[in-house]
Amino acid sequence: MNTKIWLSSPHMGGNEQKYVNEAFDANWVAPLGPNVDGFEKDLESFLNTDVKVAALSAGTAALHLALIECGVVYGDEVICQSMTFSASANPIAYCGATPVFVDSEKDTWNMCPVALEEAVKDRIAKGKEPKAIIVVHLYGMPAKMNEITAIAEKYKIPIIEDAAEALGSTYKDKACGTFGRFGVLSFNGNKIITTSGGGALVCHTQEDKDKAVFLSTQARDNAPHYQHSHIGYNYRMSNIVAGIGRGQMEVLANRVEARRSMNKFYQDLFADIEGVTVFVEPSTDYYSNHWLSAIIVDATITGKTREDLRLALLEDNIESRPLWKPMHMQPVFADAPYYGSDIAEKLFDNGLCLPSGSNLTNEERERIAKKIKQVFSK
Ligand SMILES: *Cc1c(COP(=O)(O)O)cnc(C)c1O
């Protein structure tokens with residue numbers, strides 16, 4: 001069997017262990033310390049906007065705290081992009097609220113502004129003003145933030161930007177994760193940089209950040225004994241994990257470059273395969289980190305489905321994956337309202353994510369290219 005080619009695997013830079021060792025040497029083995037502060041500062045300067053970042057245990061935790069800070073409580077409704085990973089929507093349920101799912105549009109595969117406004121109007125007409133809008137930058141592709149922000153402002157609904165896949169992406173030269181009232185980042189093992197597991201909440205005021213840190217460390221009131229006036233969570237990032245993050249921040253720009261070069265590799269590869277389109281930016285306003293490169297296969301032209309391709313790659317121990325299955329099609333969210341048509345559904349039917357890691361070798365690229373050419377030549 002050939003060695004496995006992963007969709008996206010961790011890629012260390014070299015200095016991660018130095019920061020981790022510093023934490024051990026100083027006995028800062030806790031959910032606070034100099035690496036946590038340093039990692040937050042690194043992220044703030046990378047995002048290049050006046051933001052305050054709180055390092056947390058996961059992107060999912062960041063989404064949960066963002067919803068709480070937006071005042072989401074039991075019985076509320078929250079609008080969420082349907083085509084996404086379940087982690088975007090699950091925290092809505094943690095709050096006892098109901099997700100209202102919205103379809104994608106074809107250019108960015110992200111939230112359709114037209115369907116969004118339809119959803120907002122209809123929920124308001126039904127007597128339920130949505131408490132927040134969760135928009136996602138799928139696979140690193142920025143969503144149509146101009147249009148979405150305009151709708152959010154018109155109806156005065158805060159945006160929570162799920163930028164878990166989009167660290168290093170920009171829209172009109174502004175970093176993804178800095179547009180909404182809150183932005184969410186993830187450093188899970190398969191993301192563009194990883195801390196083995198972790199996340200961050202991007203805030204615009206010190207007050208919002210302080211509240212996130214307070215809630216993420218069990219909501220302790222200011223008293224010498226343990227006193228609590230709020231329900232707290234154990235969501236803070238540890239100083240060991242943050243050390244890995246500091247090392248990864250040193251190479252983030254290279255990782256973005258490498259992922260973008262993988263996307264270019266697929267553009268070249270599929271240039272002469274009719275019926276397959278590579279997912280690229282719709283205009284120069286958009287700059288994707290291309291966390292994952294994805295394609296749409298038109299089986300009526302190629303004679304092969306995305307599933308044919310996936311299975312052929314698997315035979316050669318090459319991992320690929322269908323696009324995210326939309327949340328409104330998931331059994332667990334069967335009762336949630338949905339607005340839009342079948343854009344997300346069609347993308348799911350015909351789309352495939354291909355190996356996109358920043359650490360793929362030329363040899364591995366050749367193996368991928370050979371297999372793909374084989375599939376589409378028959
Ligand atoms: C990875 C991911 C998350 C969750 O982040 P974790 O750090 O794994 O909790 C949320 N949303 C999207 C779109 C993701 O890809």
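Okay, let's start with domains: their bounds come from an automatic or database domain assignment. Here the chain splits into domain 1 (16-251) and domain 2 (253-377). Before I go on, this is a predicted model, where local features need pLDDT of at least 70 and side-chain atom pairs count only at pLDDT 80 or more, while totals for chains, interfaces and linings use all residues. Numbering runs from 1 along each chain as its sequence is written, and side-chain values use heavy atoms, with hydrogens and water left out.

So, back to the two domains. Their C-alpha centres sit 26 Å apart, and the contact (heavy atoms within 4.5 Å) takes 46 residues from domain 1 and 38 residues from domain 2.

Now the pockets. On a 1 Å grid over the protein atoms alone, a pocket is an open set of points where a 1.4 Å probe fits, with protein on both sides within 12 Å along at least five of seven lines; lining residues have an atom within 4 Å of a point. Volume here is the space filled by probe spheres set on the points, which are joined across faces, edges and corners.

How big is the largest pocket? Its volume is about 260 Å³. There are 22 lining residues, and nearest the centre you'll find Phe-85, Ala-87, Ala-164, Ser-186 and Lys-191. Helix α3 (59-69) and strand β8 (182-186) each supply at least two lining residues, and α3 gives the most, with three. A quick word on those names: helices (H or I, at least four residues) and strands (E, at least two) are DSSP runs, numbered from the N terminus. By class, this lining has nine nonpolar, 10 polar and three charged residues. For the classes, Ala, Val, Leu, Ile, Met, Phe, Trp, Tyr, Cys and Pro are nonpolar, Asp, Glu, Lys and Arg are charged, and the others, Gly among them, are polar.

The second largest pocket holds about 210 Å³. Of its 13 lining residues, Leu-7, Asn-190, Leu-292, Arg-321 and Trp-324 are closest to the centre. This lining has nine nonpolar, two polar and two charged residues.

Where is it? Trp-324 is in the loop between β13 (321-322) and β14 (338-339). Leaving aside neighbours within four places in sequence, Trp-324 touches Met-83, Thr-84, Phe-85, Leu-138, Tyr-139, Glu-165, Trp-291 and Phe-348.
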